[in-house]
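Trainee: I have a model open and want to learn how to read it. Can we go through it feature by feature?

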Amino acid sequence: MNIISSEFVKSSASYIQCPDNQLNEYAFIGRSNVGKSSLINMLVGRNNFAKISSKPGKTQLINHFLINEQFYFVDLPGYGYAKLPLKMQQNFRKMISDYILKRTNLTYLCLLIDSRLTPQNNDLNFLYQLGETGTPFVIIFTKADKQNAFQTKKNVQLFLDKVLENWEELPPYFITSSQTKAGKEEFLNFIEKTNQSLKDLGGF
Ligand SMILES: Nc1nc2c(ncn2[C@@H]2O[C@H](COP(=O)(O)OP(=O)(O)O)[C@@H](O)[C@H]2O)c(=O)[nH]1
Ligand SMILES: [Mg+2]
């Protein structure tokens, strides 16, 4: 699939304010700095798209982008803001969990994991919660260009092994780099296939 059009739609403070829910939706989440905005830019082929469109100060909101006039990409706020006051952390958590649990057209949540790191507990805990709530999700390992392929594979395998300690099956996963565009075609093909199979089922 090629992305031929992408436009910023809206920033929302709550799932209630999100745009109409008649389109498939792929939302990106992960720790702040994991590479969410860069990944969206890479996928749509536009520099600064996700960042410019969401404007400074709006990174703590739910940002919707309409892709190919057919589906949404959503840039979600990062989790794990240990430095924020507790009350703000709680508000964030509520905003994100409401969105995940109540946004009826959420097709896949895309959980971004930094491939430079060995498995981190907050990422694993977040992932296990997705399992408990039955949220459909994929894993996207980011920043694969930051180290050699051997090290990337090693960190990816360590993370997947951790997942398999508790689960029998792995979700779909992708190894990507916003710099080299690694994983772009694979992930966009996955989206295309998902959209097509939902259409065949009589969905959006
Ligand atoms: N080398 C490299 N740097 C990346 C990649 N993805 C993101 N970055 C850098 O990591 C930092 C955080 O990225 P950003 O997209 O703003 O993360 P966000 O907070 O999750 O939206 C920025 O300095 C990016 O340039 C990648 O694939 N490769
Ligand atoms: Mg961002």
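Trainee: Where is Lys87 found?
Mentor: Helices (H or I, at least four residues) and strands (E, at least two) are DSSP runs, numbered from the N terminus. Lys87 is found in helix α3, residues 86-102.

Trainee: Is Lys87 buried or exposed?
Mentor: Count C-beta atoms, placed from the backbone, within 10 Å of the residue's own: 20 or more others is buried, 12 or fewer is exposed, and in between is partly exposed. Lys87 has 8 such neighbours inside 10 Å, so Lys87 counts as exposed.

Trainee: What pLDDT does the protein average?
Mentor: pLDDT is the predictor's confidence in each residue, from 0 to 100. The protein averages 91, and 93% of the residues score at least 70.

Trainee: Where does pLDDT stay under 50?
Mentor: Over residues 52-58. Where pLDDT is low, the predicted coordinates should not be read in detail. The model has nine contacts beyond four places in sequence for residues 52-58. Two residues are in contact if their C-beta atoms, placed from the backbone, lie within 7 Å.

Trainee: How many helices and strands does the protein have?
Mentor: Six helices and seven strands. From the N terminus on, the order is β-β-α-α-β-β-α-β-α-β-α-β-α.

Trainee: What does the radius of gyration say?
Mentor: Take it over C-alpha atoms; the globule rule is 2.2 Å times the number of residues to the power 0.38. For 204 residues, a compact globule would have a value near 17 Å, and the protein has 16 Å, which agrees. Along the principal axes, the C-alpha atoms fill a box of roughly 40 × 40 × 35 Å. Of the contacts with a separation of 6 or more, 76% join residues 24 or more positions apart.

Trainee: Which residues have the most contacts inside the largest nonpolar core?
Mentor: In soluble globular proteins, nonpolar side chains tend to be buried together. A nonpolar core is a set of buried Ala, Val, Leu, Ile, Met, Phe, Trp, Tyr and Cys residues joined through C-beta atoms within 7 Å. The largest one here has 40 residues, and those with the most contacts inside it are Ala27, Phe28, Ile40, Val74, Cys110, Leu111 and Leu112. Strand β5 (residues 106-114) gives the most to this core, with six residues. Leaving out residues up to four places away in sequence, Cys110 touches Tyr26, Ala27, Phe28, Phe137, Val138 and Ile140.

Trainee: Is Phe71 buried or exposed?
Mentor: Phe71 is buried, because 20 other C-beta atoms lie within 10 Å. Phe71 is found in strand β4. Beyond four places in sequence, Phe71 touches Leu23, Asn24, Glu25, Tyr26 and Asn195.

Trainee: Which loop holds Asn48?
Mentor: The loop between α1 and α2 (49-54). Most residues other than glycine have a negative phi. Phi of Asn48 is near 65 degrees, a positive value. Phi of Glu69 is near 50 degrees, also positive, and Glu69 lies in the loop between β3 (62-67) and β4 (71-75).

Trainee: Which residues come nearest to ligand 1?
Mentor: A residue is near a molecule or strand if its C-beta atom, placed from the backbone, lies within 6 Å of it. Of the 16 residues around ligand 1, Gly35, Lys36, Ser37, Ser38 and Ser178 come nearest. Helix α1 (residues 36-44) gives the most to this shell, with three residues.

Terms used: Residues are numbered from 1 along each chain as its sequence is written. Chains are lettered from A and ligands numbered from 1 in the order in which they are written. This is a predicted model: local features need pLDDT of at least 70, side-chain atom pairs count only at pLDDT 80 or more; totals for chains, interfaces and linings use all residues.
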